[in-house]
Amino acid sequence: MKEEDRNPAVCRAFVATAKDILAHHPVVKHTWSIDDDEDHCILDIPKQSDDGFDITVEVFPYEIIVSADGPHLHFDDIKNIESTVQEALGLIRDMLSPAMRVVEQRSNEQPYKWHLESLREGQWKREDTTGILFYNFFGKKTKNIYQNHVLPSRI
């Protein structure tokens with residue numbers, strides 16, 4: 001990363017917009033960690049049920065990373081701060097609803113791959129896959145599905 005790519009306004013815009021949205025949705029439990037210079041922050045949204053998943057958002061001066069207990073997406077092509085913040089928050093909003101889920105693949109009960117899927121036109125579509133390189137390839141394979149129901153699906 002070059003110094004000219006750093007933009008502290010990314011974090012400040014994310015915090016201002018997210019706090020405004022979260023104020024209208026008190027059912028979304030969350031915690032903030034914001035650096036003193038306000039160029040880096042973390043928003044944690046814990047799962048609210050055993051079959052849900054945690055969401056963590058980490059905002060840097062040059063990117064926003066949205067993580068969901070395995071899968072994570074990078075918003076690092078920040079040409080327009082407002083639209084990038086809105087895109088990340090839209091993803092988070094959908095992750096809080098049953099319109100998105102995390103499919104966790106396991107080998108001998110150890111997670112090794114995660115798929116973030118969204119429900120579109122009655123079909124689950126893969127949005128992202130994250131995995132580890134080294135796992136027990138020959139182990140017994142199982143999968144778990146996690147889904148949040150904090151907010152209703154957008155239609």
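Colleague: Which residues of the largest nonpolar core touch the most other members?

Modeller: Of its 33 residues, those are F14, I55, V57, I64, V66, I92 and M95, where a nonpolar core is a set of buried Ala, Val, Leu, Ile, Met, Phe, Trp, Tyr and Cys residues joined through side-chain atoms within 4.5 Å, and buried means under 20% relative accessible area, exposed over 50% and partly exposed in between (1.4 Å probe, protein chains only). This is a predicted model, in which local features need pLDDT of at least 70 and side-chain atom pairs count only at pLDDT 80 or more, while totals for chains, interfaces and linings use all residues. Residues are numbered from 1 along each chain as its sequence is written, and side-chain values use heavy atoms, with hydrogens and water left out.

Colleague: And what is V66 in contact with, leaving aside neighbours within four places in sequence?

Modeller: With contact meaning heavy atoms within 4.5 Å, the list for V66 is I55, T56, V57, P71, H72, L73, F75, A88, L91, I92 and M95.

Colleague: Which residues stand opposite V66 in the strands?

Modeller: V57 stands opposite V66, and in β5 the bridge partner of V66 is L73. Strands here are DSSP runs of E with at least two residues, helices are runs of H or I with at least four, and both are numbered from the N terminus; two strands pair if DSSP finds at least two bridges between them. β3 and β4 pair in the antiparallel sense over 4 bridges, as do β4 and β5, and the β4–β5 hairpin has 4 residues between its strands, with D69 in the turn showing a positive phi of about 45°.

Colleague: Switching to charges, how many salt bridges are there?

Modeller: The count comes to 7, taking a salt bridge as a side-chain nitrogen of Lys or Arg within 4 Å of a carboxyl oxygen of Asp or Glu. One of them joins E38 and R12 (3.7 Å, N to O); E38 lies in the loop between β1 and β2 and R12 in helix α1, so the pair ties together parts that are 26 residues apart in sequence.

Colleague: What about R106, is it buried or exposed?

Modeller: R106 is buried, with a relative accessible area of 15%. Its side chain meets that of E104 at 2.7 Å, N to O, and E109 also forms a salt bridge with R106, the closest N and O atoms being 3.8 Å apart.
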